[in-house]
Amino acid sequence: MKDKVYLGIDPGINGGIAGIRIQEDGSTLVNAFKCPRDLTDMANNVRIFTAGVESENVHIIIEQVHSMPKQGVKSTFTFGVNYGAWLGILGCLELTYDKVRPQAWQSIYDKSGFGTEYKDRKNGLKNLAIKLFPNHKITLYTCDALLIANYCKTIHNRKDNNE
């Protein structure tokens, strides 16, 4: 078995990028970063996660986003620019990716007791990521990206086992 990488990207300016790398020897490396503000740093983060891995063993999911009602014009524009930057970086690096809506990647997790308020849901996702990755520093910036990367790994493992 060759190394496999599963990347999750939460494209918001307050989001992050996370990777789960299953190495040839079966060991797992996990890492996550807050979304850099600089395009070069964004691209370098992708390169760090994918270095030395054949492209067919790199699986990427980026959260599919859109503007929200009552969201300000400036924040919507900034959000869209960041999303486009991630898509452009992945395209320039010739990496394939899937766009997945938040409801889809969150569907594999038990979110009972999270509450309906935004802050309660975010803290619930952070606590869930802490349970899944207890040996890693988890922040509100990186928790969604880690959960997206784990979702990516889960669905690709299901596909591999069904083939």
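S107 is exposed, at a relative accessible area of 53%; exposed stands for over 50%, buried for under 20% and partly exposed for the range in between, with a 1.4 Å probe and protein chains only. This is a predicted model, in which local features need pLDDT of at least 70 and side-chain atom pairs count only at pLDDT 80 or more, while totals for chains, interfaces and linings use all residues. Residues are numbered from 1 along each chain as its sequence is written, and side-chain values use heavy atoms, with hydrogens and water left out.

The loop between α3 (102–106) and α4 (118–132) holds S107. Helices (H or I, at least four residues) and strands (E, at least two) are DSSP runs, numbered from the N terminus. From C-alpha to C-alpha, S107 lies 9.3 Å from Y151 in space, with the two 44 residues apart in sequence.

## The open sheet

An open sheet of 5 strands is ordered β3-β2-β1-β4-β5, and its pairing is mixed; two strands pair if DSSP finds at least two bridges between them. Its edge strands, each pairing on one side only, are β3 (28–34) and β5 (98–100). From one strand to the next the twist averages 15°, where axes are lines fitted to C-alpha atoms, for helices over the stretch in contact, and angles run from 0 to 180 degrees between N-to-C directions.

β1 (residues 4–10) pairs with β4 (residues 58–63) in the parallel sense over 5 bridges, and G8 has I61 in β4 as its bridge partner. With β2, strand β1 pairs in the antiparallel sense over 7 bridges; here I9 is bridged to I17 of β2. The hairpin formed by β1 and β2 has 5 residues between the strands.

## Strand β2 and its cover

β2 and β3 run antiparallel and are joined by 7 bridges, with R21 bridged to L29 in β3. In the hairpin of these two strands, which has 5 residues between them, G26 takes a positive phi near 95°.

How many residues of β2 are buried? The count is 7 of the 7, so the strand is largely enclosed by the rest of the structure. Both of its faces are covered, with buried G16, A18, I20 and I22 on one side and buried I17, G19 and R21 on the other. Helix α1 (residues 39–50) lies across β1, β2 (16–22), β3 and β4, at about 10° to β2.

The 15 residues of α4 should span 21 Å at 1.5 Å a residue, and the end C-alpha atoms are 21 Å apart, which agrees; the expected span is 1.5 Å times one less than the number of residues. Buried residues of α4 are K122, G124, L125, L128 and A129. Seen down the helix axis, the buried residues fall within an arc of 160°, so they line one face of α4; the arc is that of the directions from the helix axis to the C-beta atoms. On the other side of the helix, K119 and K131 are exposed.

T142 is in the loop between α4 and α5 (143–162). With a relative accessibility of 4%, T142 counts as buried. Apart from neighbours within four places in sequence, T142 is in contact (heavy atoms within 4.5 Å) with A32, F33, K34 and K137.

## Cysteines

The structure holds 0 disulfides, a disulfide being a pair of cysteine sulfur atoms within 2.5 Å. C92 is exposed, at a relative accessible area of 70%, whereas C143 is buried, at 0%.
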